[in-house]
Amino acid sequence: MPMPAEGFIPNASDRAISRMLSYLGINELGDLFSDVPSSILLREPVKIGDPLTQSEVEVLYSEKLGRNLPIRTSFMGGGMADHYVPPLVDELVANQEFYSSYTPYQPEISQGILQALFEYQSLMAELLGMDVVNASLYDYASALGEAGRFSVRVTKRKKILLAKTVHPERKIVLRTYMEPLNVEIVEIGRESNGELSLDELSANLDEDVGMVYMETPNFYGVVERGIRDVADMAHSKGALLVVGTDPLLAGIVKPPGELGADVVIGEGQHLGGYMNYGGPSLGIFAVKKSFRHIRQLPGRLIGMTKTVDGRYRGYTMVLQTREQHIRQEEATSNITTNSSLMAVRAAIYLSLLGPDGIRSVAEKILYNTEYLKRRIGDLPCFSILFEGSLYFKEIPVVSELAWGEVNSWLLKNGILGAFQVSRLFPEVDPTGKLGLLSTTEKHRLTDLDNLLELMGEVCS
Amino acid sequence: MIRRYVQAKWELSEGVLEPTVFELGDVGKGGVLVARVEDELRREIGEIDALIPKELLTDSIDLPGLTEPEVARHYNHLTQMNYGVDSGPYWLGSCTMKYTPKVAMRLESHPSLRNAHPYAPEEIVQGILEVLYELQEMLSSITGLPKFSLQPAAGAHGELVGALIMRKRFLDLGERRDEILIPESAHGSNFASAAMAGFKVVRIPPSDEGTVDMGALKAAMSERTAGMMITNPNTLGIFESDILEIADLLHSNGSYLYYDGANLNAIMGWIRLSDMGVDLAHLNIHKTFSAPHGGGGPGAGAVGVIEELAEYLPVPIIVRDGDVYRLKYDLPKSIGKVRMFHGNVDVLVKAWGYLKLLGSEGVRLSSGIAVLNANYARKRLMDMGFEVPYGRDRPCKHEFVISLSNFRREHGVKALDFAKALMDRGVHPPTMYFPLIVQEAFMMEPTESDSLEELEAYVNAMGEIANLAKSDPSELLSAPKNTAISRIDDSFANKRLWLSWKIYKEKEREKS
């Protein structure tokens with residue numbers, strides 16, 4: 001019997017192998033490794049187990065994933081959320097011409113993926129109020145790392161002011177990316193409503209600062225209402241304002257690009273992507289139409305162009321001289337593989353939902369958030385961390401009860417509850433009382449009421 | 001027999017193949033609703049706009065509004081004007097464009113994966129953690145490197161992790177080692193990653209055989225050398241037979257040997273990295289382990305290390321504690337994190353499925369056939385008169401490089417023209433103009449996924465193009481003609497910089 005592997009390797013048959021070996025004038029496959037020191041050439045196969053058939057692979061996988069506990073509804077916050085993915089998105093990215101193609105180095109045979117990525121760049125630019133969006137980075141956090149390095153290249157300054165309310169995991173990534181550059185990072189505190197403290201910002205802002213970074217909504221779900229002021233302050237000292245955002249917020253609140261941000265980054269998983277235990281994601285990186293900034297962009301860029309004979313509109317990768325395969329150690333980034341198929345997902349999602357669909361998703365999320373905020377605040381053993389704030393998608397809930405107890409009651413009822421911040425970031429919440437809940441357009445009013453009822457039950 | 005190919009071509013208006021979505025829908029209105037605010041909820045909260053300061057309310061969303069059938073047809077037209085591994089031969093050197101078994105593809109759609117929140121407590125996601133842990137174990141068996149991180153999102157991301165680990169290690173040891181040695185033939189990302197991690201790059205020129213010049217290596221090494229990044233087989237497809245001596249030289253100097261896993265498909269199951277003296281490496285899950293490339297990504301770039309460097313891996317790492325799998329964050333020497341969460345999990349599960357399918361014998365067979373296919377194709381091309389500038393007297397590994405410089409010199413036909421003409425013959429062109437040490441280079445990697453008939457079709461197409469170059473090069477200079485679109489004007493693209501629909505429309509308005 002042949003091995004299952006042979007079903008995937010057309011030339012594994014004895015006939016094909018012997019025909020090729022005889023053309024090469026050798027006796028066995030091992031002769032092709034005659035240039036390898038014999039002391040390191042393996043005599044025995046490596047041990048990874050016996051081959052399985054296709055159906056055995058699927059059954060085994062399902063058995064293993066069956067060890068996961070079943071979740072009916074997820075309210076867990078912390079930067080990733082359970083959004084609705086329209087079936088058309090899955091259907092279209094399942095086309096092999098998209099998913100099994102490579103980076104479109106040969107434009108004539110790759111117009112499809114090039115145009116889809118150009119449309120991603122264009123749709124995202126409109127949504128964020130920016131001009132130029134690259135063809136994707138790995139995720140929100142690595143986009144922040146790249147933004148930090150971008151700010152050093154553009155401004156030649158080595159100081160970053162970072163809002164304390166930035167997601168702690170993104171802070172770690174930023175520090176990891178910046179460490180070799182010897183950049184000073186100063187954290188700026190918040191007001192009592194959870195928004196960036198303008199006084200503290202002003203006290204720390206000087207002409208050594210290359211980048212001011214804040215997020216909206218921030219780690220606590222708080223929408224920043226003072227971005228325009230921050231932009232003016234940063235620009236008056238020659239610093240760049242970089243804002244991280246959830247692109248869905250732009251469906252209802254003006255995007256950072258219209259409020260003076262120089263660079264906008266964010267997470268695109270929310271646009272037609274699954275949670276997938278955290279990856280892949282879609283790192284958004286957007287700038288304004290400044291040639292100085294465009295020249296310093298990390299990552300791939302697609303441009304519209306014409307055919308050589310001038311007859312047709314077409315698409316191709318542009319400004320490749322910024323990139324690693326040409327510029328090597330002088331490149332703006334090492335990025336090669338990116339997150340193209342996630343960008344295509346986002347393009348399809350935005351094309352499908354259009355202005356009305358995006359507005360309706362943003363509105364639903366905001367209604368849900370506001371409803372949960374009011375009702376949870378009314379429960380006896382829970383309160384909301386900041387007063388007078390505008391929350392979007394996530395809310396910071398302070399619990400008088402142990403979160404472990406609350407969440408296990410919810411889990412018994414099929415609900416994934418709050419993300420207890422101290423579990424991973426004790427430095428952010430030493431009390432252990434803070435949990436982040438998130439709500440998306442997937443949650444119906446009955447789902448919210450069910451959550452509230454169960455939380456009420458733990459209280460009593 | 002030479003194959004013919006005509007790509008689908010939609011030409012839906014004058015001079016435009018497929019209009020953009022902005023031309024297909026009304027900008028600023030319409031679209032498909034996927035969410036609804038219940039009346040009761042609306043009544044309770046009131047007008048939502050009242051929560052937002054007036055000056056911050058979105059006034060218009062300038063996206064196009066389409067219906068679902070229009071969107072479906074639009075993107076299907078686009079997919080038809082693209083070419084994937086399942087279309088035909090795709091010999092992109094150093095990219096390992098192998099076929100993805102569909103059973104591996106389907107693993108991504110399991111609801112317990114798609115709906116798993118990355119911060120879900122470990123007891124809720126034991127199944128996923130077990131799959132990821134088993135993948136780590138299998139990668140350890142294949143490479144001989146005991147500890148793995150699955151966090152990096154891509155090969156270059158793994159390189160950055162590797163370079164940062166070396167940096168942190170020497171900072172901890174109090175040694176000032178700020179140089180990394182990289183052979184001139186290396187992938188461009190090696191240089192960029194080393195530079196991002198703060199290293200000065202020292203280039204090692206090739207010997208006459210195209211391998212690492214041992215004299216140059218010895219001369220370049222000093223007490224400042226943190227390590228060397230090596231690709232083996234190298235980008236010429238030649239195995240670095242001095243690898244043990246290279247490793248010894250580095251180790252006796254207190255430096256590390258980093259292995260770029262882009263070319264692992266040449267030796268998987270035949271040689272373990274640890275036996276070559278490798279200290280740390282990244283593996284390209286989307287190359288060697290069959291996860292698809294996604295039109296450029298997402299991929300995944302697992303990083304493996306020797307025990308001595310394990311405590312520097314990015315956090316968290318996945319560990320096993322009896323029957324329970326855990327995420328370990330407590331690694332005080334860790335370099336930190338290079339992205340959020342745990343890695344590109346839906347890419348990683350495909351590698352798990354692929355390795356389960358292949359088993360111990362299958363990985364060895366895969367690489368063996370990949371190398372056999374490459375040697376067969378190379379000899380066929382050499383017999384036709386194509387020039388192999390390096391290593392022609394020894395076997396190549398999974399890829400090889402030919403030079404088309406004589407065609408340029410004698411007939412004015414460049415590697416680029418060859419590439420465009422190949423498309424008309426139903427195959428995707430190879431990597432061009434790389435490595436930089438070869439003039440008019442074609443870097444060709446057939447992989448184990450091609451049949452003998454396909455190998456023949458490819459080399460016959462090369463032969464036909466070579467004959468045309470000598471007899472009637474005009475067809476080649478105007479190729480391709482059977483793709484959706486004829487030759488693209490790259491320099492026009494770089495001059496105009498129409499990087500978004502918005503910019504294009506503005507420039508059009510300025511013109512009129």
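This is a predicted model: local features need pLDDT of at least 70, side-chain atom pairs count only at pLDDT 80 or more; totals for chains, interfaces and linings use all residues.

Me: Which residue of strand 7 is the bridge partner of I230(B)?

Reply: Y259(B) is the partner of I230(B).

Me: What lies between strands 6 and 7 in the β-α-β unit, and what is the hand?

Reply: Helix 10 (residues 243-252) of chain B. With strand 6 and strand 7 of chain B, helix 10 makes a right-handed β-α-β unit.

Me: How does strand 7 pair with strand 8 of chain B, parallel or antiparallel?

Reply: Parallel. Three bridges link strand 7 to strand 8 (residues 280-284) of chain B. In that pairing, Y258(B) sits opposite L280(B) of strand 8.

Me: How many residues of strand 7 are buried?

Reply: Five of the five, residues 256-260 of chain B, so strand 7 is largely enclosed by the rest of the structure.

Me: Which residues go on which side?

Reply: Y256(B), Y258(B) and D260(B) are on one side of strand 7. L257(B) and Y259(B) are on the other. Both faces are covered.

Me: Change of topic. What about the three-stranded open sheet in chain B, what's the order?

Reply: The order is 12-14-13, with antiparallel pairing. Strand 12 (400-403) and strand 13 (431-432) of chain B are the edges, each pairing on one side only.

Me: How many bridges between strand 13 and strand 14?

Reply: Two, in the antiparallel sense, with strand 14 covering residues 441-444 of chain B. T431(B) stands across from M443(B) of strand 14.

Me: Now a helix. How long is helix 6 of chain B, end to end?

Reply: Helix 6 (residues 126-143) has 18 residues and reaches 25 Å from first C-alpha to last. That is close to the 26 Å expected at 1.5 Å a residue.

Me: Is helix 6 mostly covered or mostly open?

Reply: Mostly covered. In helix 6 of chain B, 13 of its 18 residues are buried.

Me: What follows helix 6?

Reply: G144(B) does, and its phi is positive, near 80°.

Me: Zoom out. How many helices and strands are in chain B?

Reply: Chain B has 17 helices and 14 strands. Its radius of gyration is 26 Å, close to the 24 Å that the globule rule gives for 512 residues, so chain B is as compact as a globular protein of that length.

Me: What are the dimensions of chain B along its principal axes?

Reply: The C-alpha trace spans about 75 × 70 × 45 Å. Of the 512 residues of chain B, 60% count as buried. Among chain B contacts with a separation of 6 or more, 73% come from residues 24 or more positions apart.

Me: And chain A, how many helices and strands?

Reply: Chain A has 15 helices and 15 strands. Its C-alpha atoms fill a box of roughly 80 × 55 × 50 Å along the principal axes. Of its 460 residues, 60% count as buried.

Key:
Residues are numbered from 1 along each chain as its sequence is written. Chains are lettered from A and ligands numbered from 1 in the order in which they are written. A residue is buried if 20 or more other C-beta atoms lie within 10 Å of its own, exposed if 12 or fewer, and partly exposed in between; C-beta atoms are placed from the backbone. Helices (H or I, at least four residues) and strands (E, at least two) are DSSP runs, numbered from the N terminus. Two strands pair if DSSP finds at least two bridges between them. A crossover is right-handed if, with the strands pointing away from the viewer, the path from the first strand over the helix to the second runs clockwise. The radius of gyration is taken over C-alpha atoms; the globule rule is 2.2 Å times the number of residues to the power 0.38. Two residues are in contact if their C-beta atoms, placed from the backbone, lie within 7 Å. The expected span of a helix is 1.5 Å times one less than its number of residues.
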